[in-house]
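Trainee: I have a new model open and would like to learn how to read it. Where should I start?

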Amino acid sequence: MMKRILGFIPFATVLLFSAPLSATNYLPDGVLGAPPIHRLAVSPDGQLIAVARGASFIEIREAATNAVHFLPAMDDCEWMGVAFSPDGQYLLSAGRQSTDGFIVEWKVLDGSISRQFVLPSADFLNDVAYSSDGSFFIAVGDRGSSDGQIGIWETASGSLLKDVPSSRELRAVDISPDGNDFAVCTDTDARLFSTSTATEIRSFNQDDCRELAFSPDGTEVATAGDPGGTIWEVASGAELRSMDMTEIGVSLSYSPDGTTLVVGTPANYNDRGLLVFDSATGNELWCESTVHPSYDIEEGLEAVVFMPDGRHLYAGSTTSYEEGTGAVVRQTSRLVYYDSQASLPHQVLEGHSDGLTTVAYSADGNWIATGARDDLAIIWNAATGAIAHTLSGHTGNIASMEFSDDSTLLLTGSYDGTARVWNVSSGALLKTLTESADVEATSLSPDGSQALVAVRDGFSYWVDVWSISSATVVRTISAGGRVHDLDWHPTADEFVAAVAGSLSFFSPSNGSLLRSISYESASRVAYSSDGSMVVAASTSAKYAPLFNAATGAEIRRFSGDGWPVDDVAISADDSKVATGSQDDNLRVYSLSTGAEISRFGNSRLASLSPDGSRIVTANWYGARVYDADRPDPRLRDNEQESVLDIGQPSVAICAEAGAAVSADGKNAKLWDLETGNVLQLFTGHHDNITSVSCSSDATIIATASYDRKVRIHSGQDGSLLHELSDHTDTALSVAVSPDGTWLVSGSADNTARIYNVSSGAAGPVLNETDTIDLVAFSPDGTRVLTASQSRSVSVWNRSDGLLIRSYPTGYPYNPAAFSPDGAQVLTQRLSGSSYWIVEWNPDTGTEISARKIAGGSRPSNVLAYAADGRHAFIALDYPGILRKWDLLTDTEVKSYSAHYRDIEALAVGGENNPVLTGGNGESQILEWDAPGVFSDGFESGDTSKWSFASQ
């Protein structure tokens, strides 16, 4: 059986890159995380972004899909610079291999090596640039503690034309558009050279120069360093203007038309992030901290590059986090996608203490309402952004809200089982509509006399039609499925409901089903102003469709750019549609043409003003009001601490069913291990999933998330069985007993909680003194294993929650596992600088065996028994090395390096099931042949059917 890749991203149509062919130790001791980004390059057509990290591989990203590919790793090599050839067919990467400055020319089509170049006089190459016609390229670097070296090559022949020493450290290089000159950054200034003679023409007084670039017309050169940035005249060397900034500039890029300059600043300096300037005046247009005051800007933007469209750009950020010892314990490295034509917010609406769940604009444009997890609704003055009224009384999360057509009433629905009607001008509570179960959606009739309230009680779903004046139910309508959203027709003679797999149209007068439009996983729905059209959203469809409300014919689609679109809003004048998708981007479209108008990042919820001119965007931190015709600059920021933000890597095997479940950001998917087909999609979390688990027969699927929730799903139809909200901090781990009867979840709130899967009833609470990172059941389901940051692993009685035994490990992060027969527990132990794997008796706590792992350089994030109980899988090395260890002979059977990051997900099935592994922040799960049987490379073949994004 071939080793398969269960990827989160599709393979590119223009690239033939596979997963990394090898991985080496590119992280220094004590550092966990992605290697820093040093430079970025964009292909001439704008389709590809090349990333030079402080690592042995080059990363290639598809701009359209955000898919990531890796060029084969080069042993003992660190890359610092990248450059595409003008025709886009080749990519240069410059850095160091052994002690020589080293350049590799790659073929972009297939990722193969075309040629290699060495500048033996340089110890390290820091940057590389192509001439505009591609006839030559230049690299600069270091040759000792303070000396530099310049190399100039002829592209066609590969001949080294000039090898020029410098008395200064050389950090960056750019070539003038006509190719006659080139400029370099040194540690004291910037310098201009003649290309033909490689002699210095003049210097520019930029202290501590970090980066530079020629203007597109070649008459100016911009430099970034300490302090700030400066624009110089190339012909005379005169300073033309400075960019008014107190920050150090560490990276910069000109827009293709030369009108705009962007500058990246270091981490924790003035915390202003990306700076955008008018290059003609040097005046600041905007900075990231102004646009996003809620962001904790800790990233050092080491690299920035404009896209060819002159509007969008990428920035590569690097952050180091420190603990009390001063030692770097975590390093993050990510790409952020921006729009330079930024829209500053008109208002920042900050008043809630927890994440927002719903927003609404009043029909007269005077009011904005927001609802949140803090059980509050707030009415804001739309003109000033001031709080008009804080509406308290709900005792559960606000699920929905809507203004009456005359803007005098606000209807709110909550999971506390009530809907409430408020006076908008006074904030007074007028009516409370009490239901017997959770209220999930509400809608006011056009004249404000009636309310629709969608209710869920277990697996029973209905819609009540309420009279507002009498606060009584006048009709109950069986919905036939869970109702996620409602909207009254403008004439009030019908309403539409987003019901599970359809849009259902009902008569409010007699409750009859009038018609339906088939639509998978419908989550939102809204009528146009005349009721002739409905626009809808879904938790699984990667677009929002616009339907003819009478016939069900699809009129057009509003794309989610490959992501499910689960929220939608329409302006009252029918000019615009806003969609929220699972990439945390809001997109605004023309309703009539379907053309995208603007995009806003880091948000999922939106409401449009009646005339479509403004949009209120909402996320976890609060709401902001923008000009709907101009974008928020930060379009994509979903790569925290990794190459792709896929959440905490997690995977589990459902052995009897021959299936596996794995996390995919905020969603999870159930896979058929034989075919690679996706069997079910599980949605609903509001933040990334941290852990997944399943019963052996795959009938029960459980997920835990940073949103503090644990969700139990049916593996047969994907439906939600229970949402468990008892944890008060991040839910970090979840486990289902093999028979699917019990569930245990562990949390950063220092507790593990046991539940009955069938009823959702809470059982014993297991209290630790620190964060619980891992939970597991014994094979017979009678005992629970917990691993906490209190440096111990504990075994508990499942039925009464009593502690049976604890075992000290000496390390705060502890993978652990029961043996297949439940007689032993396997964990690791830190002793000095050595790592041991230990088997101990869960009943007595006595050690059965302890083995020091030779060559183990760091603690393992994963640990599991093989099905035979004799072998164990561990990962005690930098990064991506999985070992199979014989516990009887204390010898290594096999080791294999496959992941380019630390292995943080491991699942071992039964005797005939494979082994699944996932790397921290990586975009794929690797499936190996039978346990312990590894192949020595990636076999070719069509892997797209195992891609999350291609489903």
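Mentor: Start with confidence, since this is a predicted model. pLDDT is the predictor's confidence in each residue, from 0 to 100. The protein chain averages a pLDDT of 84, and 86% of the residues score at least 70. Residues are numbered from 1 along each chain as its sequence is written, and side-chain values use heavy atoms, with hydrogens and water left out. Local features need pLDDT of at least 70 and side-chain atom pairs count only at pLDDT 80 or more, while totals for chains, interfaces and linings use all residues.

Trainee: What does the secondary structure of the protein chain come to?

Mentor: Helices (H or I, at least four residues) and strands (E, at least two) are DSSP runs, numbered from the N terminus. Here there are 1 helix and 84 strands. Of the contacts in the protein chain with a separation of 6 or more, 44% are between residues 24 or more positions apart.

Trainee: How many of the residues are buried, as a percentage?

Mentor: Buried means under 20% relative accessible area, exposed over 50%, and partly exposed in between (1.4 Å probe, protein chains only). By that cut-off, 62% of the 951 residues are buried.

Trainee: Which residues touch the most other members of the largest nonpolar core?

Mentor: In soluble globular proteins, nonpolar side chains tend to be buried together. A nonpolar core is a set of buried Ala, Val, Leu, Ile, Met, Phe, Trp, Tyr and Cys residues joined through side-chain atoms within 4.5 Å. The largest one has 17 residues, and I58, W79 and L91 touch the most other members. Two or more residues each come from β3 (48-53), β4 (58-62), β6 (77-84) and β8 (100-107). β6 gives the largest share, 4 residues. A second, separate core has 15 residues, including V463, V483, F495 and A497.

Trainee: How is β8 paired with other strands?

Mentor: Two strands pair if DSSP finds at least two bridges between them. Strand β7 (residues 90-97) pairs antiparallel with β8 over 8 bridges, and Q97 stands opposite D100. On β9 (residues 113-119), β8 has an antiparallel partner joined by 6 bridges, with I103 opposite F117. The β8 and β9 hairpin has 5 residues between the strands, and G111 in the turn has a positive phi of about 75°. Since 6 of the 8 residues of β8 are buried, β8 is largely enclosed by the rest of the structure.

Trainee: Which residues of β35 point one way, and which the other?

Mentor: In a regular strand the side chains alternate between the two faces of the sheet. In β35, L409, L411 and G413 point one way, L410, T412 and S414 the other, and all are buried. That is 6 of the 6 residues in β35 (residues 409-414), so the strand is largely enclosed by the rest of the structure. β35 pairs antiparallel with β34 (residues 398-403) over 5 bridges, and 5 bridges also join β35 to the antiparallel β36 (residues 418-423). E402 has L411 as its bridge partner, and G413 has A419.

Trainee: How many disulfides does the structure hold?

Mentor: A disulfide is a pair of cysteine sulfur atoms within 2.5 Å, and the structure holds 2. C185 and C209 form one, with sulfur atoms 2.0 Å apart. C185 lies in strand β15 (residues 181-186) and C209 in the loop between β17 (200-204) and β18 (211-214), 24 residues apart. The other joins C654 to C694, S to S 2.3 Å. Its torsion about the S-S bond is about -115°, so this disulfide is left-handed. C654 is in strand β58 (residues 651-654) and C694 in strand β62 (residues 689-694), 40 residues apart. Both C654 and C694 are buried.

Methods. Contact = heavy atoms within 4.5 Å.
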